[in-house]
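Me: I would like to learn how to read a protein model, starting with the pairing of charged side chains. Could you take me through it one feature at a time?

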Amino acid sequence: MAGKGQSGSNGEGRRLVLFATPLQGHITPMLQLASLLHSKGFCITIIHTNFNSPDPSDYPDFSFESISDGLPTDKVSSITSDFIAFSTALNRNCEEPFRDRLKRLVSDQRSDRIACVIDDGNMQFVPAVANELKVPRILFLINSAASLAVYFSFPMLKEKGYLPIKDPQSDVPIVDFPPLRIKDIPDIGSDDPDAWFQIVAEALRKVNSSSAIFWNTYDYLEGTNLSKIKQDLQVPIFTIGPVHKYPTYCSSSLLTAERSCLAWLDQQAPASVIYVSFGSLACLEEEELVEAAWGLANSEQAFLWSLRPDSVRGSDSVELPGDFEEKTIGRGRIVKWAPQLEVLAHPSVGAFWTHCGWNSTLESICEGVPMLCWPSFGDQRVNARYVSSVWKIGLQLDNGLKRGEVERALRRIMTEKEREVLKGRAKELMANAELSLTEDGSSCRSLSGLVDHLMSL
């Protein structure tokens, strides 16, 4: 079995079993975590579903165990249109295969002893199965502390009448939870809000059932919310992020990146390009795509646009306005998928137009790149609000995608005096992220505490 512990390192050959929700935004940090813990001497087994499965050949040091899930192998974009159905099917279909696979791993005398199961909290059956098999379970949180604080406040928001959300575009502030407005409350656009509340409540209920929690964030960035959460939870919490910045980083994209765009960036002036990507899951309506395209074209800014073929809801292809290419010739590049970390680190990139998923937000912060925020669903809304109004390292498109507002926002973040203020703050947060990973930094110390905790199990 692959993945034996490294000689002389802390893990002493103990095996960790990692299991992530089969979506790119969950798989990415989980595999990055796997590489980090492997570097500490732990043996790694990845349990994964057939849906969105990683390629084991990309990770020769890990063992991989596939389980059936009963999910389609295509139409990933349809998930966002009915996330509740997706989550329900995933939990229903995967429990028994996961139990069978974990039981076999536990009983395999040829393998290293399993120290614990690590999951991201979305598979509601994991705590019960781990408890049944007497395997400790640790929770790896891949969202922001700010968003979890909001999820913990759902009962209060419901009691105060903010939930269910009556007007998703409302700018009315939430007096009991500054700086959020009603439009910033995590939502998935479901016609069944009670089912959404139930999913959130069930996930939160099981947070305290874990042996420990570790987080892909760092103290300087989210200290206030982390302090509040630590008061409410009864388990050890380790803030070890940003995990992608450790030297053990490994690529974990399920999509093939078009690396030719890096050569194109080499030809652009410093800080002159706006990088555009709405992640691996968010979809636009057809009219939103048109407005975004004309906003980019009319801004007269250089851009690199990562535009998936399934970016338009209900379609497997993208059609841009007929004269868009002519309008942007010489200053625009469109690819199906970009090598995001390398793009954000490129000196030609001056800003990031993003959906504000937590991975993308952290990656932008770590490169000191200001953000233009257009959140789509879930915790992206909270992240966008913090980027624009708390950390003040970006701007937010508050009124949907309208070409005039997109054009003005792109000019503000790329050419006006405001740009330097945003860039200065972004560089400050970048410096503190780097500091957290030094030998005496908060994340490095937390990682050492986490390793000690894993050794105690």
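Reply: Let us begin with the term itself: a salt bridge is a side-chain nitrogen of Lys or Arg within 4 Å of a carboxyl oxygen of Asp or Glu. Please keep in mind that this is a predicted model.

Me: With which residue does R181 form a salt bridge, and how far apart are the closest N and O atoms?

Reply: The general idea is that side chains of opposite charge can pair when their charged atoms come close. Here R181 pairs with D398, and their closest N and O atoms are 3.1 Å apart.

Me: Is R181 buried or exposed?

Reply: Buried means under 20% relative accessible area, and R181, at 6% relative accessibility, therefore counts as buried.

Me: How many salt bridges does a search of the whole structure find?

Reply: The search finds 27. One of them joins the side chains of D119 and R137, at 2.7 Å from N to O; D119 belongs to strand 4 (residues 114-119) and R137 to strand 5 (residues 137-141), 18 residues apart, and both D119 and R137 are buried. In another, the side chains of E420 and R419 meet at 3.6 Å, N to O; E420 is exposed, with a relative accessible area of 51%, whereas R419 is buried, at 11%. Salt bridges can also share partners, and in this way D171, R181, K183, D184, R385 and D398 are joined into one network.

Me: Which residues have the most contacts inside the largest nonpolar core?

Reply: That core has 67 residues, and those with the most contacts inside it are F154, I213, W215, L304, V343 and W391. If we leave aside neighbours within four places in sequence, L304 is in contact with residues including C261, W264, Y275, R333 and V343. Another core, of 35 residues, lies apart from the largest one, and among its members are C116, I138, F214 and V243.

Me: What is the volume of the second largest pocket, and which residues lie nearest its centre?

Reply: Rolling a probe the size of a water molecule over the atoms shows where empty space is left. The second largest pocket has a volume of about 770 Å³, and of the 29 residues that line it, Q169, P375, S376, F377 and R381 lie nearest its centre. By class, this lining has 10 nonpolar, 8 polar and 11 charged residues.

Definitions and conventions
Residues numbered from 1 in each chain as written. Predicted model: local features only at pLDDT ≥ 70, side-chain atom pairs only at ≥ 80, totals over all residues. Heavy atoms only, no water. Helix = DSSP H or I, 4+ residues; strand = E, 2+ residues; numbered from the N terminus. Buried < 20%, exposed > 50% of the residue type's maximum accessible area, 1.4 Å probe, protein only. Core = buried A, V, L, I, M, F, W, Y, C linked by side-chain atoms within 4.5 Å. Contact = heavy atoms within 4.5 Å. 1 Å grid on protein atoms, 1.4 Å probe; cavity = no way out; pocket = protein on both sides within 12 Å on 5 of 7 lines; lining within 4 Å. Points joined across faces, edges and corners; volume = space filled by probe spheres on them. Nonpolar A, V, L, I, M, F, W, Y, C, P; charged D, E, K, R; others polar.
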